[in-house]
Amino acid sequence: MLNLEFNEAMRMALDLAAKASQQGDVPVGAVVLNSHGEVVGQGFNTREIDSDPMNHAEIVAMRQTAIANNSWRLDDHTLVVTLEPCTMCAGAAVQARVGRIVFGAFDEKAGAVGSLWDVVRDRRLPHRPVVVSGVLADECAAILSEFFKAQR
């Protein structure tokens, strides 16, 4: 699969990441696409505003999708996120049976889709989503760099 296929969805996720940054949270955004490529869920980090450590962009987007679908099973769905998912989010995607994970920037400090760990490809787990990495990686990394530069 070509990364170009997911550029539009990643741009949506980048717009969501900017909203997280405006609210003082780490700029990560996520969208969930159904099997027809339609956005059925979206989210951005709201840990700070909601005082909830679980409110990573991926979790927010997957919750919204599950509610819209009236099902926790996201088999034919694609999770598109600006930053490589952490262990919590990678594990949640596996548990939700997400069909594909697409991410932009790699996270060498906490990434669990190949960088630090590879939760989603662990052969001991019953479900392993397809992974597409590096979609608009430079843009995804830049929004994070700008955010943390401003924090210092």
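## Two loop residues to start with

Arg-97 sits in the loop that runs between H4 and E4. Keep in mind as you look around that this is a predicted model. The phi angle of Arg-97 is near 65 degrees, which is a positive value in a residue other than glycine. With 26% relative accessibility, Arg-97 counts as partly exposed, because that class covers values between 20% and 50%.

Asn-70 also has a positive phi, near 55 degrees, and again the residue is not glycine. You can find Asn-70 in the loop between helix H3 (57-69) and E3. Is Asn-70 buried or exposed? Its relative accessible area is 72%, so Asn-70 is exposed, the cut-off being over 50%.

## Strand E3 and its partners

Now follow the chain to strand E3, residues 78-83. This strand is mostly covered, with six of its six residues buried. Which strands does E3 pair with? One partner is strand E1 (residues 29-33), which pairs with E3 in the antiparallel sense over four bridges. Here Val-32 stands opposite Leu-79 of E3.

Another partner is strand E4 (residues 100-105), and this pairing with E3 is parallel, over five bridges. To see it for yourself, look at Val-80: its bridge partner in E4 is Val-102. As you trace these strands, remember that in a regular strand the side chains alternate between the two faces of the sheet.

## From E3 to E4 by way of a helix

How does the chain link up here? E3, helix H4 (residues 87-95) and E4 together make a right-handed β-α-β unit. Within helix H4 you will find Cys-89. Cys-89 has a relative accessible area of 1%, so it is buried, as this is under 20%. Cys-89 and Ala-57 are 32 residues apart in sequence, and their C-alpha atoms are 8.8 Å apart in space.

## Aromatic pairs

How many aromatic pairs does the structure hold? There are two. In one of them, the ring centres of Phe-103 and Phe-106 are 5.0 Å apart and the ring planes meet at 85 degrees, so the pair is edge-to-face. Phe-103 has 0% relative accessibility and therefore counts as buried, while Phe-106, at 43%, is partly exposed.

Phe-147 and Phe-148 also form an edge-to-face pair, with 5.2 Å from centre to centre and 80 degrees between the planes. Phe-147 counts as buried, because its relative accessibility is 9%. Phe-148, at 34% relative accessibility, counts as partly exposed.

The largest pocket has a volume of about 480 Å³. It is lined by 21 residues, and the closest to its centre are Val-26, Leu-83, Asp-107, Leu-144 and Phe-148. By class, the lining of the largest pocket holds eleven nonpolar, three polar and seven charged residues.

The second largest pocket contains about 150 Å³ of space. Its lining has 14 residues, and those nearest the centre are Glu-5, Phe-6, Asn-34, Thr-78 and Arg-100. Sorted by class, the lining of the second largest pocket has four nonpolar, six polar and four charged residues.

Conventions:
Residues numbered from 1 in each chain as written. Predicted model: local features only at pLDDT ≥ 70, side-chain atom pairs only at ≥ 80, totals over all residues. Heavy atoms only, no water. Buried < 20%, exposed > 50% of the residue type's maximum accessible area, 1.4 Å probe, protein only. Pairing = 2+ DSSP bridges. Right-handed = clockwise from strand over helix to strand, strands pointing away. 1 Å grid on protein atoms, 1.4 Å probe; cavity = no way out; pocket = protein on both sides within 12 Å on 5 of 7 lines; lining within 4 Å. Points joined across faces, edges and corners; volume = space filled by probe spheres on them. Nonpolar A, V, L, I, M, F, W, Y, C, P; charged D, E, K, R; others polar. Phe/Tyr/Trp six-rings, centres within 6.5 Å; stacked < 30°, edge-to-face > 60°.
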